[in-house]
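Hi everyone, thanks for making time for this.

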Amino acid sequence: MNAELSAASTGPAGDEDVLLRVESLFKYFPIKSGNPFRRTRDFVHAVDGVSLEIRKGETLGLVGETGCGKSTLARCVARLYDLTSGRVIFDGQDISTWSARRMRPLRREIQMIFQDPYGSLNPRRRVGSIIGDPFAIHKIATGAERKQRVQDLMELVGLNPEHYNRFPAEFSGGQRQRIGVARALAFTPKLIICDEPVSALDVSIQAQIINLLADLQAKLGLTYIFIAHDLSVVRHVSDTVAVMYLGKVVEQAPVEQLWAHPRHPYTDALLSAVPIPDPEHVSERQRIILVGDVPSPINPPPGCRFHPRCPKARQACVDSEPELTPRLGDAAAHLAACHFPVQDGEDISKSRPSIGADLRVIETGLVGGS
Amino acid sequence: MLCTTGALGVRARAPGRVGSVALLEVEDLHVSFRTADGIVQAVRGVSFHIDQGETLGIVGESGSGKSVATQTIMGLTRGARVSGRALFEGRDLLTMKPEEMQAVRGAKIGMIFQDPLSSLHPFYKVGWQIVEMIRLHDHEISKAHAHKRAVELLTLVGIPQADRRVDDFPHQFSGGMRQRAMIAMAMALSPALLIADEPTTALDVTVQAQVLLVIKRLQEEFGTAVILITHDLGVIAEVADDVVVMYGGAVMEQADRLTLFTANHHPYTEGLLLSLPAYGGERERLRSIPGQPPSPINLPPGCPFAPRCIYVMDRCRIDVPPLAPVGTDSGHLSACWLPHEMAGRERLRRKILGQAPSERAEA
């Protein structure tokens with residue numbers, strides 16, 4: 001994708017192309033304290049000020065490690081969680097404070113596909129009735145008409161409509177995921193949130209589901225938020241990718257731009273950690289191996305949240321939080337939150353932090369190719 | 001801490017292993033289970049070998065039998081009908097008495113599983129569990145000494161402040177740390193062989209990189225051989241010396257890493273690689289393998305991959321192809337009826353594809 005082009009098409013606020021806008025969204029979960037006399041409560045800072053935009057018909061990839069808040073963000077967007085603060089503007093309407101009753105008609109337009117095709121389908125119910133649920137809930141189409149619409153959906157996602165009366169256990173993992181997709185498509189939603197839709201599937205089946213999602217997007221003009229920890233899958237499906245770390249977006253860019261010029265050291269490390277199925281290039285690749293684990297989201301580190309693990313950390317990273325903005329003369333669509341962004345061709349595995357060196361030892365090395 | 005690329009860093013791999021005895025030699029392993037639905041033929045005639053210090057990757061989808069094969073070798077498949085041989089240091093693991101097996105398991109062969117949370121006991125401190133493991137096999141060692149060893153091991157696998165963390169409970173560890181603790185436990189008695197069953201599947205890529213590095217370093221330090229079971233071809237490309245590709249309980253192809261990725265022979269291997277989202281490629285359609293893996297209760301009569309193969313011939317549906325060498329490379333084996341000489345295979349494949357374009361349509 002051309003970086004300049006996409007930058008130019010990112011219009012000002014109110015752009016008609018924008019399907020979803022998230023403005024400084026916060027979601028804190030209170031933690032129950034064991035001591036009833038303790039006044040102050042602790043909070044998990046699951047999403048800590050995220051702003052995003054998705055245009056119609058595009059796919060936004062959300063990546064980050066476990067616990068970085070990507071699923072929470074998606075659930076806030078779908079209003080499965082109430083927001084702590086911030087705004088969610090869907091199709092021109094601010095839905096951030098809508099009641100459950102008022103949200104109901106809108107639920108047809110925002111749908112979710114979940115990771116586990118075994119856990120997200122009721123094993124005691126027939127597939128036809130599972131896919132027919134949205135019609136029952138919204139009291140649309142009954143009897144033979146509902147059956148017809150369900151069978152049309154089954155056909156659309158590549159299931160045999162004759163299997164209408166089967167149970168989920170009679171389907172394989174890939175087929176079950178198709179059932180989940182069919183259910184999400186019942187009312188031709190505008191936005192589908194795919195939360196790790198292929199992570200539980202085998203490689204050969206993964207490709208089938210990814211192709212199906214791509215076909216449906218082209219056919220029905222769907223917009224996706226695609227959450228996955230497999231970065232090669234995200235790269236394949238996304239137009240724009242947002243990288244999250246500890247509740248914040250640390251970098252956001254058109255997909256090829258992000259892979260070619262990662263600016264945030266975390267993005268750089270994340271991309272370099274992906275094993276490439278190409279043994280000929282393994283030995284050439286220098287990997288950035290991050291030390292330690294993601295800090296607790298209850299007390300996130302001050303300044304840049306990545307500084308305790310960052311090979312480029314300086315004092316400024318502790319003192320002030322970097323803004324999410326274009327760095328090093330990048331196009332307007334490429335945002336990074338880093339005081340010392342990675343230059344093109346820079347090898348940050350050779351960098352050493354100038355602060356807190358006692359806290360960590362930066363390990364770098366080649367994993368493969370002896 | 002980084003091992004210098006000295007004697008241990010570079011592993012000399014004798015091609016064809018002339019004169020050397022393999023550390024583990026599995027021959028014609030069959031494993032089946034009797035279930036209410038019928039007999040599950042989980043493993044059907046699998047053979048492979050691994051030399052000292054080598055890394056063998058076993059790839060396959062769920063239900064391909066890759067885990068059952070290794071668990072059977074370790075004597076962990078109770079109630080299964082097993083035949084074949086698994087010679088470890090010259091002794092057959094499959095016919096060993098339970099007490100003898102006990103002495104091998106953990107001490108000579110270490111194991112790491114996919115889910116580190118369910119492999120660690122939640123009620124006992126991590127250190128205690130490592131100490132118990134050491135004392136079970138080493139009756140001489142004092143408690144204090146074993147404890148000291150546990151701290152050493154945790155330090156070795158990169159747990160920060162191991163002297164303090166040794167008294168933590170498993171839930172106080174993060175996912176990556178738990179997996180490191182499992183590695184520490186598996187390496188406690190410096191086993192000759194480490195079997196890692198999807199060790200990084202439940203982990204984030206950044207943590208996966210850390211864990212793979214830890215395994216690699218320990219391997220260089222102790223000369224341990226590693227059997228790495230995974231479905232991630234990226235991991236295989238980075239760490240395996242030799243690769244076994246399994247499907248429907250049988251070995252489809254076996255080759256060294258480079259050959260497998262660049263000059264593979266079996267259509268299943270090719271299909272697996274093609275279905276990956278290309279790392280550097282554009283956003284084109286993925287070339288998925290149509291259909292589903294076969295049921296291990298109701299396997300097709302010929303080649304198990306025949307129903308999904310784009311090059312399928314009549315013979316494939318009747319006879320099971322033997323695992324035979326490809327070309328002149330004795331280390332490269334493929335179980336496929338296509339000619340085992342590359343130019344001939346290419347000609348026949350073109351001919352088949354030209355004949356039946358309709359069959360190639362994606363299911």
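**A hairpin, and what surrounds it**

Let's begin in chain B, where S9(B) and S10(B) make a hairpin with two residues between them, and Gly248(B) in that turn has a positive phi of about 55°. Before I go on, please keep in mind that this is a predicted model.

If you'd like one pair to click on, take Asp242(B), whose bridge partner in S10(B) is Asp256(B).

S10(B) also has a partner in strand S12 (residues 329-334) of chain B, again antiparallel, over two bridges. Here Gln254(B) is the residue that stands opposite Leu333(B) in S12(B).

How many of the seven residues of strand S10 (residues 250-256) of chain B are buried? Six of them are, so this strand is largely enclosed by the rest of the structure. For the threshold behind that word, a residue is buried when 20 or more other C-beta atoms lie within 10 Å of its own.

**The whole sheet in chain B**

As a reminder, strands of a sheet pair through backbone hydrogen bonds, either parallel or antiparallel. In chain B, eight strands form an open sheet with mixed pairing, and their order is S6-S7-S8-S3-S9-S10-S12-S11. Strand S6 (109-112) and strand S11 (324-326) of chain B are at the edges with a single partner strand each, so one side of each has no neighbour in the sheet. On average, neighbouring strands of this sheet are turned by 25° against each other, direction ignored.

For the parallel side of the story, look at strand S7 (residues 193-197) of chain B and strand S8 (residues 225-230) of chain B, which pair in that sense over five bridges. Ala196(B) has Leu228(B) as its bridge partner in S8(B). Helix H7 (residues 175-187) of chain B packs on the sheet and touches S6 and S7 of chain B, with a direction at about 170° to that of S6(B).

**A helix with a buried side**

Next comes helix H5 (residues 143-156) of chain B. This helix has 14 residues and reaches 20 Å from its first C-alpha to its last, close to the 20 Å expected at 1.5 Å a residue. Which residues of H5(B) are buried? They are His147(B), Ala150(B), Val151(B), Leu153(B) and Leu154(B). These residues cover an arc of only 160° around the axis, which puts them on the same side of H5(B). The general rule is a handy one here: an α-helix has 3.6 residues a turn, so residues three or four places apart point the same way.

And what do the buried residues of H5(B) pack against? Helix H4 (126-137), helix H6 (162-165) and H7 of chain B. Just after H5(B), you'll find Gly158(B) with a positive phi of about 85°.

**Over to chain A**

Chain A has 12 helices and 13 strands, and of its 370 residues, 45% count as buried. Taking the contacts in chain A with a separation of 6 or more, 67% are between residues 24 or more positions apart.

There is an open sheet here too: seven strands in the order S6-S7-S8-S3-S9-S10-S12 of chain A, with mixed pairing. The edges belong to strand S6 (110-113) and strand S12 (335-336) of chain A, each with a single partner strand, so one side of each is left without a neighbour in the sheet. Inside chain A, strand S7 (residues 191-195) and strand S8 (residues 223-227) pair in the parallel sense over five bridges, and Cys194(A) stands opposite Phe226(A) in S8(A).

One residue I'd like you to select is Ala46(A), in strand S2 (residues 42-55) of chain A. Ala46(A) is buried, with 23 other C-beta atoms within 10 Å. Among the residues that Ala46(A) touches are Tyr28(A), Phe29(A), Thr72(A) and Pro297(A). Thr72(A) is 26 residues from Ala46(A) in sequence, and the two are 6.8 Å apart in space, C-alpha to C-alpha.

**Where the chains meet**

Last stop: the contact between the chains, which takes 38 residues from chain A and 46 residues from chain B. Helix H7 (203-220), helix H8 (231-237), helix H10 (265-273) and helix H11 (279-282) of chain A each supply at least two residues of the side of chain A that touches chain B. H7(A) gives the most to that side, with seven residues. By type, the residues of the side of chain A that touches chain B are 18 nonpolar, 13 polar and seven charged.

Conventions: Residues numbered from 1 in each chain as written. Chains lettered and ligands numbered in written order. Predicted model: local features only at pLDDT ≥ 70, side-chain atom pairs only at ≥ 80, totals over all residues. Contact = placed C-beta atoms within 7 Å. Helix = DSSP H or I, 4+ residues; strand = E, 2+ residues; numbered from the N terminus. Nonpolar A, V, L, I, M, F, W, Y, C, P; charged D, E, K, R; others polar. Pairing = 2+ DSSP bridges. Axes fitted to C-alpha atoms, helices over the stretch in contact; angles between N-to-C directions. Expected span 1.5 Å × (residues − 1). Buried ≥ 20, exposed ≤ 12 C-beta atoms within 10 Å, placed from the backbone. Arc of directions from axis to C-beta.
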